[in-house]
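Student: Please take a close look at the charged side chains here and at how they pair. I would like the cut-offs stated as you go, and then a view of the setting in which the pairing occurs.

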Amino acid sequence: MYRIKTGEENIKDLGKIVLWEGKDRINLWDDEKGTACNMINGTDNTIFAPLIDRSRDLQIYNTDICR
C-alpha cells in the first residue's frame, strides 16, 4: 500500500510516494551503497506532476522488480 502526495501543497510533488507498506525506506542493503538503494522515491508510474522538466530524470519506484 502506498501513501502519495496529492500536490495540494506543491504541484511538483503530485504522485510522489511518501510511504510504502508504512515505511519511508526499506532495509534490504546494509553496505555503504545501501543508503541510496534503500530509499523510496519517485512515483508508482501511474501519475506524474504536470509540466515535467525534460532535463530532469523521472524517478519511479517499482516494488515488482529488484533494483
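Tutor: For the charges, Lys and Arg count as positive and Asp and Glu as negative, while His and the chain ends are not counted; each charge is placed at NZ of Lys, CZ of Arg, CG of Asp or CD of Glu. On that basis, the mean positions of the 10 positive and 12 negative charges of the chain are 3 Å apart. The model is a predicted one, in which local features need pLDDT of at least 70 and side-chain atom pairs count only at pLDDT 80 or more, whereas totals for chains, interfaces and linings use all residues. Residues are numbered from 1 along each chain as its sequence is written, and side-chain values use heavy atoms, with hydrogens and water left out.

Side chains of opposite charge can pair when their charged atoms come close. With a salt bridge taken as a side-chain nitrogen of Lys or Arg within 4 Å of a carboxyl oxygen of Asp or Glu, the count comes to two. One joins the side chains of Lys 5 and Asp 13, at 3.8 Å from N to O, and the other joins Lys 16 to Asp 13, at 3.2 Å from N to O.

In the chain as a whole, 22% of the 67 residues count as buried.

If a contact is heavy atoms within 4.5 Å, and residues up to four places away in sequence are set aside, Ile 17 touches Tyr 2, Arg 3, Ile 4, Ile 40, Gly 42, Thr 43, Asp 44 and Tyr 61. Among contacts in the chain between residues at least 6 apart in sequence, 34% join residues at least 24 apart.

Terms used. Buried < 20%, exposed > 50% of the residue type's maximum accessible area, 1.4 Å probe, protein only.
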